[in-house]
Amino acid sequence: MLIILVASALLSSCATVRETYAPDGRKAYSLNCSGTARGWDKCYSAAGELCKDAGYDILDRSSEDASLSSVSGNANKTSASVGSSSVKTNERSMVIACKK
């Protein structure tokens, strides 16, 4: 299960975009660039594609390190074993609005 989760995180390398509104009423976009294979460059690229030559204002930007852990175990009458693994990922998001 962990291998599938890690593989899907590595393969999804584009920013996800969700439409929202800025405090001043402009249409804005919430961009998510989280994951080990994504970086801020994915968010900046998506913002550039959305706003083209008009440019954009960054209204909010956040980043947080996160870890995904898995623990498993096996026990019988003669022995027991416990294993664990951890994957570190970065949560990144920003909200932009295209300039008028």
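## Close-up views of a predicted chain

**View 1. Confidence along the chain.** In this predicted model, confidence is lowest in helix 1 (residues 2-11), with a mean of 45, and highest in strand 2, with a mean of 96. The score used here is pLDDT, the predictor's confidence in each residue, from 0 to 100. The chain averages a pLDDT of 80, and 67% of the residues score at least 70. Over residues 4-12 the pLDDT stays under 50, and the model has six contacts beyond four places in sequence for this stretch; a contact means heavy atoms within 4.5 Å. Where pLDDT is low, the predicted coordinates should not be read in detail. Residues are numbered from 1 along each chain as its sequence is written, and side-chain values use heavy atoms, with hydrogens and water left out. Because the model is predicted, local features need pLDDT of at least 70 and side-chain atom pairs count only at pLDDT 80 or more, while totals for chains, interfaces and linings use all residues.

**View 2. The chain as a whole.** The chain has two helices and four strands, which run α-β-β-α-β-β from the N terminus on. Helices (H or I, at least four residues) and strands (E, at least two) are DSSP runs, numbered from the N terminus. Of the 100 residues in the chain, 24% are buried; buried means under 20% relative accessible area, exposed means over 50%, and partly exposed lies in between (1.4 Å probe, protein chains only). The chain exposes about 6800 Å², of which carbon and sulfur atoms supply 53%. These accessible areas come from the Shrake-Rupley method with a 1.4 Å probe, and for residues only the protein chains shown count as cover. Among the contacts with a separation of 6 or more, 60% are between residues 24 or more positions apart.

View 3. Strand 1 (residues 16-21) pairs with strand 2 in the antiparallel sense over six bridges; two strands pair if DSSP finds at least two bridges between them. The bridge partner of Arg 18 is Ser 30, in strand 2. Five residues stand between the two strands of this hairpin, where Gly 25 takes a positive phi near 95°.

**View 4. The salt bridge of Glu 19 and Lys 27.** The structure holds four salt bridges, and one of them joins Glu 19 to Lys 27, with the closest N and O atoms 3.9 Å apart. A salt bridge is a side-chain nitrogen of Lys or Arg within 4 Å of a carboxyl oxygen of Asp or Glu. Glu 19 is partly exposed, at a relative accessible area of 48%, and Lys 27 is also partly exposed, at 41%.

View 5. Asp 24 forms a salt bridge with Arg 26, the closest N and O atoms being 3.0 Å apart. Arg 26 is buried, with a relative accessible area of 14%. Another salt bridge brings together the side chains of Asp 57 and Lys 99 (3.9 Å, N to O). Asp 57 lies in strand 3 (residues 56-75) and Lys 99 in the segment after strand 4 (80-98), so this pair ties together parts that are 42 residues apart in sequence. Asp 57 is partly exposed at 26% relative accessibility, and Lys 99 is partly exposed at 40%. Salt bridges that share partners join Asp 24, Arg 26, Asp 57 and Lys 99 into one network.

**View 6. The disulfide of Cys 33 and Cys 43.** The whole structure contains two disulfides, a disulfide being a pair of cysteine sulfur atoms within 2.5 Å. Cys 33 is joined to Cys 43, with an S to S distance of 1.6 Å. The torsion about this S-S bond is about 120°, so the disulfide is right-handed. The pair links distant parts of the chain, ten residues apart: Cys 33 is in the loop between strand 2 (27-32) and helix 2 (40-51), and Cys 43 is in helix 2. Cys 33 is buried, at 0% relative accessibility, and Cys 43 is buried, also at 0%.

View 7. Cys 51 is joined to Cys 98 by a disulfide with an S to S distance of 2.0 Å. Here the torsion about the S-S bond is about -80°, so the disulfide is left-handed. The pair links distant parts of the chain, with Cys 51 in helix 2 and Cys 98 in strand 4, 47 residues apart. Both cysteines are buried. With the bonded cysteines numbered in sequence order, the pairing is 1-2, 3-4. Lys 52 is found in the loop between helix 2 and strand 3 and is exposed, at 60% relative accessibility. The phi of Lys 52 is near 50°, a positive value in a residue other than glycine.
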